[in-house]
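Here is a short report on how some parts of a structure pack together. Please look at the sequence and the 3D view first.

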Number of protein chains: 8
Amino acid sequence: MSQTEALQSLLNAVAAGEVNPEVALEKLKHFAFEPVGDFAKVDHHRSLRTGFPETIWGPGKTPEQIAAIMEVMRDRNPVVMATRIDPAVSDQLQEKVIGLRYYPTARICAISPITIEPQYPGTIGILSAGTADLPVAEEAAVTAELSGFRVQRLWDVGVAGIHRLLSNRHVLESANVLIVVAGMEGALPSVVAGLADCPVIAVPTSVGYGASFGGLAPLLTMLNSCAAGVGVVNIDNGFGAAILAGQILRTAYKLQ
Amino acid sequence: MSQTEALQSLLNAVAAGEVNPEVALEKLKHFAFEPVGDFAKVDHHRSLRTGFPETIWGPGKTPEQIAAIMEVMRDRNPVVMATRIDPAVSDQLQEKVIGLRYYPTARICAISPITIEPQYPGTIGILSAGTADLPVAEEAAVTAELSGFRVQRLWDVGVAGIHRLLSNRHVLESANVLIVVAGMEGALPSVVAGLADCPVIAVPTSVGYGASFGGLAPLLTMLNSCAAGVGVVNIDNGFGAAILAGQILRTAYKLQ
Amino acid sequence: MSQTEALQSLLNAVAAGEVNPEVALEKLKHFAFEPVGDFAKVDHHRSLRTGFPETIWGPGKTPEQIAAIMEVMRDRNPVVMATRIDPAVSDQLQEKVIGLRYYPTARICAISPITIEPQYPGTIGILSAGTADLPVAEEAAVTAELSGFRVQRLWDVGVAGIHRLLSNRHVLESANVLIVVAGMEGALPSVVAGLADCPVIAVPTSVGYGASFGGLAPLLTMLNSCAAGVGVVNIDNGFGAAILAGQILRTAYKLQ
Amino acid sequence: MSQTEALQSLLNAVAAGEVNPEVALEKLKHFAFEPVGDFAKVDHHRSLRTGFPETIWGPGKTPEQIAAIMEVMRDRNPVVMATRIDPAVSDQLQEKVIGLRYYPTARICAISPITIEPQYPGTIGILSAGTADLPVAEEAAVTAELSGFRVQRLWDVGVAGIHRLLSNRHVLESANVLIVVAGMEGALPSVVAGLADCPVIAVPTSVGYGASFGGLAPLLTMLNSCAAGVGVVNIDNGFGAAILAGQILRTAYKLQ
Amino acid sequence: MSQTEALQSLLNAVAAGEVNPEVALEKLKHFAFEPVGDFAKVDHHRSLRTGFPETIWGPGKTPEQIAAIMEVMRDRNPVVMATRIDPAVSDQLQEKVIGLRYYPTARICAISPITIEPQYPGTIGILSAGTADLPVAEEAAVTAELSGFRVQRLWDVGVAGIHRLLSNRHVLESANVLIVVAGMEGALPSVVAGLADCPVIAVPTSVGYGASFGGLAPLLTMLNSCAAGVGVVNIDNGFGAAILAGQILRTAYKLQ
Amino acid sequence: MSQTEALQSLLNAVAAGEVNPEVALEKLKHFAFEPVGDFAKVDHHRSLRTGFPETIWGPGKTPEQIAAIMEVMRDRNPVVMATRIDPAVSDQLQEKVIGLRYYPTARICAISPITIEPQYPGTIGILSAGTADLPVAEEAAVTAELSGFRVQRLWDVGVAGIHRLLSNRHVLESANVLIVVAGMEGALPSVVAGLADCPVIAVPTSVGYGASFGGLAPLLTMLNSCAAGVGVVNIDNGFGAAILAGQILRTAYKLQ
Amino acid sequence: MSQTEALQSLLNAVAAGEVNPEVALEKLKHFAFEPVGDFAKVDHHRSLRTGFPETIWGPGKTPEQIAAIMEVMRDRNPVVMATRIDPAVSDQLQEKVIGLRYYPTARICAISPITIEPQYPGTIGILSAGTADLPVAEEAAVTAELSGFRVQRLWDVGVAGIHRLLSNRHVLESANVLIVVAGMEGALPSVVAGLADCPVIAVPTSVGYGASFGGLAPLLTMLNSCAAGVGVVNIDNGFGAAILAGQILRTAYKLQ
Amino acid sequence: MSQTEALQSLLNAVAAGEVNPEVALEKLKHFAFEPVGDFAKVDHHRSLRTGFPETIWGPGKTPEQIAAIMEVMRDRNPVVMATRIDPAVSDQLQEKVIGLRYYPTARICAISPITIEPQYPGTIGILSAGTADLPVAEEAAVTAELSGFRVQRLWDVGVAGIHRLLSNRHVLESANVLIVVAGMEGALPSVVAGLADCPVIAVPTSVGYGASFGGLAPLLTMLNSCAAGVGVVNIDNGFGAAILAGQILRTAYKLQ
């Protein structure tokens, strides 16, 4: 019985007078979040509402904590993922969690069906400015695919060789939402937003040195974009960009 | 003859061999942008592609320049607008440009049909945290309405009195995309994104003092939001938030 | 003979002419601080006045220095603690200092009675936004308990899932002072201060990445809180928050 | 009938079956906040819970808006105040709002009974480092007095002439909570916290020039205080410091 | 007698034993700089070596000081200019200095021959991203022309409408050095440097708002440009860019 | 009877049993500081110990407050000065305070004997990099002269024309302490410290624009000077530099 | 037909005399970029246009990726280089890439002819302020030499011992363009630009500590230089400085 | 004839009475610097003029480079020192350089006579706020002693326990110049400057965490000190503070 069905059946029981409202409230809270040990409260609400995978942000958690949270999550959701996982941590996790897969460039560990068919219409185009931006771009791409979206990748098309971008305009034209990942000066999203005709999500990366100041430079560039219609996420936040892109396509789906 | 029709007819003439391709190319460039005096190149491309109003960013331009650009733009587009216009500048513009309307809270001047029917499905919900954030929130709202979108406003629902927001959850639920405007600590978008199930665009404002550092504080808050699915625009950039929200609804419309 | 009694008896001797004022002054200075090697002056004054444990800030001190200072302190105070102690340093300290206990999540080493009964009325509620904030939250909790205060913990109630907080409003209502620990966007203290009716101490943490800038983002968020009645301490300073909370409950106690 | 009584009577009516719960909910929401024009939602909840005055933050609001909000507030609360009010704005307000008083140094306008007797035990000591810090210190002092607390002022006791502070140690000793206001290097709270034995609230001010960077320097000083037990509020935020100090004394009162 | 001739004749006199070396040294120092009142030392050396105009940076000097310095300078150099001159200051200067011309967009006052023929081979191409960047771009253009260089202007070709730039590639191709002026996100120099095959000088401007932070955003963008061969000057420093471009063409000239 | 004599005579009276110690303590406190109205405590201690003028920092004080403090100060000290005084404020002060003189470039108002003979051996050399730095350099020079020191000025010797500095090496050699004032890049103190053989005090100024960030650039330059033996004061703080230079010469005097 | 095959067939046709070289060149320019694996697009355009070496920025790429890109590049260009290569990475690369040379101070790996004769007129003078700046200065020098330019080095001539610079003025006079590398306070470029009569490229380094803030201090110094004619590149960017210097000499060459 | 040979021959001539010492001194000053390998120019000028030790800043130099520079220096100066030397580097140096001593807390390696008698009148008082500030304070103390000055240390007298400072006022009174070292909030120099009557040199340290931002907090505190007469040096720059203090005492000595 899926989580949604369980919820529906609880509410029916209340309506039929079979379950007392106070009791139902207690149960509902349990739907809302579930304690794991004494260090976490797994929040099923959001995944329930959105259909996105349950996700754990890896840094600052021990492999034991991550594994324990994953086990609680997998009971309720077919896809569970953890981000910012180094290879060494992945090795430990794979000993503890059955069926875990690792995406090394994206640094993501996931439990998921072998193939995930796109569940929503539309395509998310993902562009990266340089080779060194790939880990962030792949974090976005893998997250989007695990969430049930169709992805088209276009790597290494930074503005210093603008013809590489212009030769691939068909990618811009066929995408319904674009994620643009760039470090150093971070100028790619402005150029893309001037060419494209769909929402653009800009992801600054910490790639660079000196006056990059850990990604501050491309972050400011993107926030000051003179091309309107660009939304910016945190430095290196490929995951957040994918979720925002997914929300945009889900909105389209719901409006149909 | 509308801009689209003119373009179509040019291309037909080329196809029919009536116009030489080199000549057509020259004409097409003219479609792309049009010089105004020696200080600006009006870019009709984007408005042509997107249907959004032609827009002038007011600061750093003289009233004469703004008026001259507006006259060039109005020949090609039913809606023309200028942002960041002080009342005194508006007074000067209204002497020069016939049919100009002024939205004082939003600080927008616009030429437009008397009524603009929503041209796209869906609703943009716009929330502001405090009364002092209204100019930015209204810039977003007026821009969205002039661009042909349906808007629902919800003002003064900051997190320090969370019940004001919780009592208005129906606004969050009925919107297809949300713009959340907040200064000071800028916490509202995180809370909203945790409650809502649609894309959230966060707009930091320069409202505040001291450690707000001109809007840096809410900007960082929003970029660090622990609720995924939030895209951030520049400080006080209500206009950009509206264009991004509009792009999202247009994407939905095109996917249908 | 307790430190307070020793002080009283010295002053009586001066009043009775049994001790020369110059001699007394020398002795008093000894009460005030005591040299340890040539690198520290242990200040007993504050602990004498407040009853809080003697505390050593660990970083930048060798295990030998920490152990030497602890030995001087334990002669005068039943509770002695050291903060920011890594497990490896703790292992070295436990070889040198008899009866030392280690709290690994809080990174605190302490000499103390086996059980510490609360010595003051009231309860300090401690909330953390995420699992990764636990080390700072536990530093606050353990410090408060070692100082003789009653503590109630509430972990993992960040604003992105506001129902987790709202379902635990009884914690907010039963506490007399609240410590709220949060990294990333740091919005939790504002929401808590809007719901609670007691002093709120906000502790930003360095948890996060990118535009968190080592905790600057939640620090600014908390300083700009639109909910009045929030006092902020340094990034990751769980210890300082506990001492401030303790001072507040002691004030209440003294006013009775 | 006071607000608290009205609330009590509504709940009694529900309990007695005289008022339908849905109707009561609607009424309760009205207690919670009340729209003023279309630009504000006055939040009576907090003032109801805490007994503090209803307060308007002046900047970014027109005199008309301030006056309208004050009129709504005064129906429910004997004390209403507005902060950051320039003399010219005060003049306009006094024409619109009957019985309004102006405190020029504190830049506060208030409606209040002629004399406000302290309603809580204890004393708030307020110290300022320099003459130029007086507006912030007075904002704290007037807010505290209007909120029903006893205040003791000690002006111009900065650390560059430490004997001025040491000669007034009795103020530190007789206060139950201290507010310490300082600009420039902002060192006063650290020294005070080392001498005092009660909670200390530090308020950085924007007084200074050059490397003060608008108050950043004293803000950082205070956050880094090596004296534990110091809570910091935003730059120039005398109001917030007074509310926090008041919450501390109310906690003492409630614990009795 | 020109400055160079005067210098030559002095050295000849020394060689011929007609002038004592000590005396010559004193005279040489006078060539090097000349006191004006007690507030300035006019440095003729640099202009002597480079042939560039003598230039006064206007801010922080009174009109009287500027006029006095100009009078000393004009005795030795056919072109004298002052930058950052507001119209009101220009009016005052024109009353005091005969033959002064004002370039209002560039905010430059200059004494110069009526026509200045280019004295060096090559062309300086100057591009601006937006209309609001014109004052800085014109400061560069007028400075270059007064210094004897050929200039080609290309205004309003920002990256959000990349076709405006691509349609004008002939300007990039015909220039020997390029000055690229841009505010907001400052991405134009990176794109230009990727297309052009000559040195590129990037000038960030303070045009923008919010996270532009007074020009910090485009400054960082330009410093982080992934296109090598870009030199950056200070925010709004059109003058410095023109001098650097001039030095580059003079180098070419001297190498011939 | 001078202040020092008065103090001596009080202590003698205590020693002779003519004055009760409690009474003496009260009197001593009066020596230490004297209240002016309820807004200031004039601190005579420092001026008593050092012989420097009594000084008022003007900003944030009303002309009435400044005049009142000056009147209290002049009773005890032959020289009284106020800094950062605009001409308009000076005009108001001169109506209220008899015998007040104004130094317009230095923005200092002072009460002093008509001629102040140097009271200490040695010379303070003061250098400024540019004409726009003169107000800060003159603040230092006038302060030093009013404090009884010999001053040698050397204006407009910035590093871009290093021969102007090298031609004046005798000034560096004859000074016993050097104050070096520079804005923009602030490189002058490093060069001077490499040439000179005495203590160097560096004063950054807010002269400049763009990436000067209000004087941050020269401040950092001076702090990072690779020439050891440079002490830095706050941006624009000519006054503080003069006091430090004076302390250095007084130290020399006392060591003799 | 793959892009590589198409290229091969084109070159064969040229070799066979079937295609005219001018025509081939045009076609070649259209072979804008070549994919390497799925992680990079090698851009031959720029190197083709400018004659500079093909260059790989090392950080964030695996040795395998670097080696693969080098192999693709060497087919088209006699000189291929990689920057920011640690000795350990260099060891791995030398096993994979035949004929690779390592410049340890410059941290550059290169494939190149054994001797590279200068291909352009003129000399690039390169100055460093201190010994610790050598890696950046050598990165500039080696890049320039591999690109076919004549280089003159002048190390350890910082401003704190200005005579070291003045004794080497002949280097400044004989160079046609100067690269000036400096960390700490970064004052050297200003002094050099005041003495020299050619374009100056300033390179800040991250050498220093404390208020150097990772090179921010010398970066700001150089941007604020009061000597016009200075272009600044990113912190530690010796490579970019060399390319800009080379572009300047190539401009001279083309203008002849 | 190499520079070294020329020097040798000059010294021989002096020894033989063939050259008058005054003449030799003049000539020696012209031997401004001596190359060491191709990576450094040892500058004997400054040490010759001032009598301070020759000093090498360790970071960024290999042990081989440090040893080579030391050998060149020791020929001319009885005291040679290197700063910021880790124990491991010290071990390597001691194998290469005969008679090298290591001061581990100060991280200084030095060649010097066994005992260094104070060569100047007066005492440098050095204060540190906390135990963790000792490495910086000892760097100052050892540098001063190696330079021939008398030093008095006073450790662990931070402002949070002001009585520790007040009980040691005799140190402040007997010193002729004070160096005050403090991290965290950095308030100690302001308090000391208010009590003392001699020049005060403030040294911020990077001790602290969170909002200390690597020493920025105490740096700003010290620059904003409301006590005039404080000169600030770079973060952690104990060496520079000692040299400045030494220059002050030398000035006194020369004025006698």
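Still, 24 residues of chain F are in contact with 24 residues of chain G, where contact means heavy atoms within 4.5 Å. The two chains bury about 1900 Å² between them, 72% of it on carbon and sulfur atoms. Buried area is the accessible area (1.4 Å probe) that two parts lose on being put together, summed over both.

This is a predicted model: local features need pLDDT of at least 70, side-chain atom pairs count only at pLDDT 80 or more, and totals for chains, interfaces and linings use all residues. Residues are numbered from 1 along each chain as its sequence is written, chains are lettered from A and ligands numbered from 1 in the order in which they are written, and side-chain values use heavy atoms, without hydrogens and water.

| Helix pair | Axes come within | Crossing angle |
|---|---|---|
| α4 (residues 63-74) and α5 (residues 87-96) of chain F | 10 Å | roughly 45° |
| α4 (residues 63-74) and α5 (residues 87-96) of chain E | 10 Å | roughly 45° |

Helices are DSSP runs (H or I, at least four residues), numbered from the N terminus. Axes are lines fitted to C-alpha atoms over the stretch in contact, and angles run from 0 to 180 degrees between N-to-C directions.

α4(E) and α5(E) are therefore oblique to each other; oblique is what remains after under 35 degrees (roughly parallel), over 145 (roughly antiparallel) and 65 to 115 (roughly perpendicular). In chain E, the contact includes I66(E) and A67(E) of α4(E) and V89(E) and L93(E) of α5(E).

How values were computed
Helices (H or I, at least four residues) and strands (E, at least two) are DSSP runs, numbered from the N terminus.
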